[in-house]
Amino acid sequence: MTMSRQGVQPTEVIDRAAKLRFRWNGKRFSGFEGDTIASALAASGEQIFSRSMKYHRPRGILTADYWDPNLMVQVGDDPNVRAGHRLLESGMDVRSQNAWPSLNRDIKAVNGLLGRFLTAGFYYKTFMRPQWLWPTYERVLATFAPGGKIDLDTPHAYHDKRYTHPDVVVAGAGPAGIEAALAASSAGASVMLVSHEHSVGGHLRYSSAAADQAALAELRTALDASDVEVLTDSTVTGRYEDNWLGIVQRNHPVAVERLIKARAKTLVAAPGLIERPYVFEGNDRPGVITSGAARRLVNLWGVKPGERAVVFSANAEGDAAVADLERVGTEIAAVIDGRTGGSISSTRGSSRAVDAVVADGASIGADLLVVAAGWTAPTSLLNMAGDRPVYDPAAARFFPSDPPSNVLATGGLAGDADLDGLRQHGAATGRLAASRAAAVRHRLQARTARALPVDGDEPAWAPDERAPLGRDPHPELYRADTHGMVDMSEDISSKDLVAAAHEGYDSVELAKRYTTATMGPSQGKLETVNTVAAIAEARGETISEVGTTVWRPPYAPVTLGALAGRMFEPVRVSSIHPWHEANNVSVIQAGQWLRPDHYGDPAAEVRNVRRNVGLIDVTPLGKLDLRGPDVPKLLSLLYVNKWMKLGVGRVRYGMMCAEDGVVLDDGVTGRLGEDHYMMSTTSSGAGGVWEWVENWLQTERPDWQVHVTPVTTAYASINVAGPKSRELMSRVCAGVDLDAEAFPYMTVRQATVAGVAGCFMWRIGFTGELSFELHAPAGHGLRVWEALMDSGSDLGVAPFGLEAQRIMRLEKGHFIVGQDTDGLTLGPSTGTGSLIKLDKDDFAGKPELAWAADRSLPLVVAIQPDDPDVVPEEAAQIVRGDTNEILGRITSSRYSPTLNRSICLGQVEPDLAAGGTKVTVLLESGERIGATVIDHHAHFDPAGERLRG
Amino acid sequence: MLLVPCPNCGPRNSTDLRYGGESHARPDPNTASPAEWRAYLYLRDNPAGWLRENWYCASGCRRWFSIERNTATNEFRDPPLPGDKRGGAA
Ligand SMILES: [Zn+2]
């Protein structure tokens, strides 16, 4: 086979005045604007584009489009580029993949000789045992992997996302798809027409027939004049519930790719048909191409595919290829007609010869074998909508069965007709799609209570009165009397599939997974039906009986970049954050929040809080403003302890359990006024507790009068902690008596702080020190923080971060929900079981907690390693002696700068929970250390004298 | 992605809502047997067909509502009306 550029073709899409230079495996090449990488290389006489995955057989052009499995190349740092689709650009550095050391002389081609070892299930059989050889297997497999090279230094590129709500999306821009888009648009629908190709027109683009070209020009003119939004080089990759569509737009002017999420009211599936390769010995040799490839090469890019061709034709497309080839001077050695029983058995010849051996054993000399053996209906979008297409043996392809009524098929997917027939069906489909979209639009708007009212009744759901398309008879041509490649991406032959079937993998879904047929870059578009046919043959059944695989998203492969795209996840910071950033903060991400972790030395921060006074920004602490006469009842229902008698100005700690008795959240709630309470939650629980509260109020107790307002971000929260905190607060507070008698531990007061009115603060002590947790209107948070810093410089005031707070709470033995508890930790396990008041009439989780009271449960305990310098890892297991019997685990551990030793919290079996119990901790290193359970949770100041001061 | 008809906000992407699962009545916590309580906690009918279930319009109106959905076809019916005092879980 020798391809070459010929004279100007009337249908060509190249601009011969615009020459583009590029490199192919380091050598200089040139092509024209409008060329694909493959057409430019073919025009320059290149015939081998890749090596096959397992056998490293040379591979050339097969289909010359997006689906061509043999044309995967590397462009610069971009692997797995489809050279059959990607447009040539000036300066491209194109390299072949999977061809070491070079494309034309491939050492691994020796695999071909080992073919009998690389049979069906090769990977499963070869790389299973012994398991300890896995690292070796991985290295071997990696050298076989067909992908390109990933450059980890590639700069991040911009991928975009777009959300849109068109009435009608038409997937596929052949004549039927274009007519559907035009008709829907004329009927008043907003329409998006998505073309997989670089220009609209479908198969008309590479037809040299004058009538086809006239129709194409007419359709393009009509599109230009319409309101249809046309996306070219874009693919509808997935259809999900209620016509939620993923569309990848590859030719966005700014972004590398854009992922469009479209909520279409109706979807028109018009993807056309994909030409199916024929299975025979040598069908994967360079020089064996589909009729569509021949026609595209000639008509789009003016490339003569070969000098002397044998054409195996079973349809009009094959016949048209003969005419196209003759026009560019390819000698037609023979036309074998598949409709009248003609067949191809194999190809012979070395190097560029592709001699065709026909059924009677005769060999016809040629350098090109063009095959038109039939069509695959890419029913993917219908499959994704729940349809199970059915096979028609008379037409030798699958047809839609019963897709949902908001998904309409047209074009070759739906049936056959002449061009006018296809256009009429497309237009009728477009009108139906627009009518049904109008009904959906009416319904959506009518169901939206606050939207503008809609006029009149919902339009009737239009019946499908389209005249159905016909079905052209087509011979069932899947495999000749020889075996050949079924899946060229994965190097799976029909023989492999027969072997798999005989080994018991005789359902298509099993055989697919066992052999990996259809799982390569072509996504089954070329291979699926041939795979089904091979299995059917092995089972002695028909294709209908065997059935096909269910095509799942994506329709075409999607890059990770397109999926990752631009993220819309918000980042939350407190109003004090600028101060942290200006003061050497190390931030830690906690959910959506960026929080100060430390300011250089967490241990020093701990010591300063214990000695002087420190400030921590705890704004993410969840805060719910609760108002109404029934708040005490709500609190009693949600917390395990009692709340009916909390006085105004008082604060109480509470623990929440879910209905299964598992600890859900904890925090303090204070009573600010007669009917006014402020509930605090853990930072991570803020959202969940709010929903929990709403759930109870809305569904179980709708008669209770309680207003819930989340005010987490309405207040900036600052914990002022340390023995000098009262002195510091006295310098900035007005309107409140800070004296220990007037404002004791576990009370709340409202105050003006640093001139900011509307602040409230409560005396609680997570750190174990005298402390004031101050909540200031968020807009003034920074001002309050700076006032505290400025006023306390002589007191040694310094900021502290989450890490210091975590150390101090661990010194005090306060458990953290989700850290020291998990999804199985029942309320009594926290060691605060006395909090649970089973004599209350009702509260969340009460029955489980009542039953748990009689059970022996794991307990949260404080543990100290015998070696004070060893800090066991969090999640290190507590085991029995030298055995691996698990008796508990370390849930929190730190080195305490206050006690100069390691300290832990852990969960242990109840018989280990008594103070003084010796336990064994198994470290990650495998070392076992001794540790001792201590009497109470607090490693430091167990009597709590410091915080009550 | 499923469109869920919130009675207040109209049809919304299901990611705007939190799925509350099958509707089930809460037994009396003082008289429920362990079997009854655990059926309430864990056992669901999970029918292939019509199911009354709860949704929380987390990114919209913040209302819990209950609605019937056909789990085989994802069709919804009888959305409660806005302002329905007990539009929540049954
Ligand atoms: Zn809503």
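1. A:A64 is buried at a relative accessible area of 4% (buried is under 20%, exposed over 50% and partly exposed in between, with a 1.4 Å probe and protein chains only). The residue sits in the loop between strand 5 (58-59) and strand 6 (72-75) of chain A (helices, H or I, of at least four residues and strands, E, of at least two are DSSP runs numbered from the N terminus). The phi of A:A64 is near 55°, a positive value in a residue other than glycine.

2. On the basis of the numbers: this is a predicted model, in which local features need pLDDT of at least 70 and side-chain atom pairs count only at pLDDT 80 or more, while totals for chains, interfaces and linings use all residues. Residues are numbered from 1 along each chain as its sequence is written, chains are lettered from A and ligands numbered from 1 in the order in which they are written, and side-chain values use heavy atoms, with hydrogens and water left out.

3. A:Q523 also has a positive phi near 55°, again in a residue other than glycine. Its place is the loop between helix 11 (508-515) and helix 12 (528-539) of chain A, and A:Q523 is partly exposed, with a relative accessible area of 22%. For reference, most residues other than glycine have a negative phi, and most peptide bonds are trans.

4. The peptide bond joining A:P553 and A:P554 is cis, with omega about 0°. A:P554 belongs to the loop between helix 13 (543-546) and helix 14 (560-564) of chain A.

5. Strand 2 (residues 15-24) of chain A pairs with strand 3 (residues 27-33) of chain A in the antiparallel sense over seven bridges (pairing requires at least two DSSP bridges between two strands). A:R21 stands opposite A:S30 in strand 3 of chain A. The hairpin of these strands has two residues between them, and A:N25 takes a positive phi near 50° there.

6. Strand 2 of chain A also runs parallel to strand 8 (residues 93-96) of chain A, joined by two bridges. In this pairing A:R23 stands opposite A:D93 in strand 8 of chain A.

7. Over all chains the structure holds 56 salt bridges (a side-chain nitrogen of Lys or Arg within 4 Å of a carboxyl oxygen of Asp or Glu). One of them links A:D78 and A:R86 at 3.4 Å, N to O. A:D78 is partly exposed at 31% relative accessible area, and A:R86 is partly exposed at 30%.

8. A:D324 and A:R327 form a salt bridge at 2.9 Å, N to O. The two are three residues apart in helix 7 (residues 316-327) of chain A, and so are separated by about one helical turn. A:D324 counts as buried at 2% relative accessibility, whereas A:R327 counts as partly exposed at 39%.

9. The side chains of A:R889 and A:D822 meet in a salt bridge at 2.9 Å, N to O. A:R889 lies in strand 48 (residues 886-896) of chain A and A:D822 in the loop between helix 21 (802-812) and helix 22 (846-852) of chain A, so the pair ties together parts that are 67 residues apart in sequence. A:R889 is partly exposed at 25% relative accessibility, as is A:D822 at 29%.

10. A network of salt bridges links A:R57, A:R59, A:D284 and A:D491.
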